Each structure stands twice: as structure tokens, then as C-alpha cells.
Amino acid sequence: MRPGRKRFTLIVITWMAGLVPAQAETIQVVIEKLVFSPAEINAKVGDTIEWVNKDVLAHTATVRDGWDVPIAANKSATLVLKNAGAVDYYCRFHPNMKGRIVVEPR
């Protein structure tokens with residue numbers, strides 16, 4: 001392939017890559033010894049948060065006036081993020097357990 005043609009092809013491929021929508025991600029938060037880890041995460045609208053509960057106690061991921069995700073002992077639970085913004089969440093059973101998710105538009 002000629003150098004000019006190769007450069008043109010590379011430009012077209014790079015340009016087309018920008019047209020492909022970004023894939024949603026699954027972000028894992030581990031619950032162990034009554035702690036959300038990591039305690040703060042950054043995500044995008046459409047991403048899934050998966051809480052993995054390694055404790056022998058049930059927990060929740062609860063947002064005041066928002067969502068409430070029950071997480072059984074030694075199980076996991078998920079939530080797809082629908083809105084941009086920062087949300088603080090906690091466990092209803094153990095209010096000292098706190099986390100934060102900063103959700104950006106996709």
C-alpha cells in the first residue's frame with residue numbers, strides 16, 4: 001500500500017471508531033467486613049454496578065428518595081445507572097456503610 005493511501009485508511013478508521021457508541025461497563029463493588037470497596041466510583045449512564053457481598057450478613061445499596069438494592073449474604077446484585085449526577089448510598093441495615101457513585105453522561 002502506498003504511504004498516502006495507508007495514511008488515508010488510518011484516518012478513516014480512526015474517524016469511524018468515533019462513530020461507534022461506547023460499550024457500557026460493569027463496575028464491581030465488593031462488600032466485605034461491613035465496607036463498600038471501592039467506596040467511591042466513577043461511572044457513566046448505562047453502566048451496571050454489581051455489588052458482591054462477601055459478608056454473612058445481608059446489606060442494601062440505598063439512595064434516599066431513590067433506589068434500594070437488596071444484597072443477600074454471600075450473593076451479588078446489580079443496578080443499571082439511568083441518570084447522570086452524583087449519588088451517595090448507604091446500607092439500610094448498617095448506616096455507617098457508605099458509598100458514592102459519580103455518574104457522567106455517556
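The model is predicted, so local features need pLDDT of at least 70 and side-chain atom pairs count only at pLDDT 80 or more, while totals for chains, interfaces and linings use all residues. Residues are numbered from 1 along each chain as its sequence is written, and side-chain values use heavy atoms, with hydrogens and water left out.

**Overall fold**
- The protein chain has one helix and nine strands, where helices (H or I, at least four residues) and strands (E, at least two) are DSSP runs numbered from the N terminus.
- Along the sequence, the elements of the protein chain follow the pattern α-β-β-β-β-β-β-β-β-β.
- Of the 106 residues of the protein chain, 30% count as buried; buried means under 20% relative accessible area, exposed over 50% and partly exposed in between, with a 1.4 Å probe and protein chains only.
- The accessible surface of the protein chain comes to about 7,200 Å², of which 57% belongs to carbon and sulfur atoms; such areas come from the Shrake-Rupley method with a 1.4 Å probe, and for residues only the protein chains shown count as cover.
- Among contacts (heavy atoms within 4.5 Å) in the protein chain between residues at least 6 apart in sequence, 49% join residues at least 24 apart.

**The four-stranded sheet**
- Four strands form an open sheet with mixed pairing, in the order β2-β1-β4-β7; two strands pair if DSSP finds at least two bridges between them.
- β2 and β7 (76-80) stand at the edges with a single partner strand each, so one side of each is left without a neighbour in the sheet.
- β1 and β4 run parallel and are joined by six bridges, and V29 stands opposite W51 in β4.

- β5 pairs with β6 (residues 68-71) in the antiparallel sense over four bridges, and the bridge partner of T60 in β6 is P70.
- In a regular strand the side chains alternate between the two faces of the sheet.
- Both faces of β5 are covered, with H59 and A61 buried on one side and T60 and T62 buried on the other.
- Five residues lie between the strands of this hairpin, in which D65 takes a positive phi near 55°.

- D55 is placed in the loop between β4 (48-53) and β5 (59-62).
- Although D55 is buried, it has no salt bridge, and the nearest side chain of opposite charge, K33, is 8.3 Å away; a salt bridge is a side-chain nitrogen of Lys or Arg within 4 Å of a carboxyl oxygen of Asp or Glu, and Lys and Arg count as positive and Asp and Glu as negative, with His and the chain ends not counted.
- A polar atom of the D55 side chain lies 3.0 Å from the backbone nitrogen of L34.
- Leaving aside neighbours within four places in sequence, D55 is in contact with I31, E32, K33, L34, A73 and N74.

**Backbone features around β2**
- Most residues other than glycine have a negative phi, and most peptide bonds are trans.
- K33, in the loop between β1 (26-31) and β2, has a positive phi of about 55° although it is not a glycine, and K33 counts as exposed because its relative accessibility is 71%.
- L34 is found in the loop between β1 and β2 and has a positive phi of about 60° although it is not a glycine; at 33% relative accessibility, L34 counts as partly exposed.
- A cis peptide bond with omega of about 0° joins S37 and P38, and P38 lies in the loop between β2 (36-37) and β3 (40-44).

Definitions and conventions
Polar contact = N/O pair within 3.5 Å; in protein donor to acceptor, adjacent residues only side chain to side chain.
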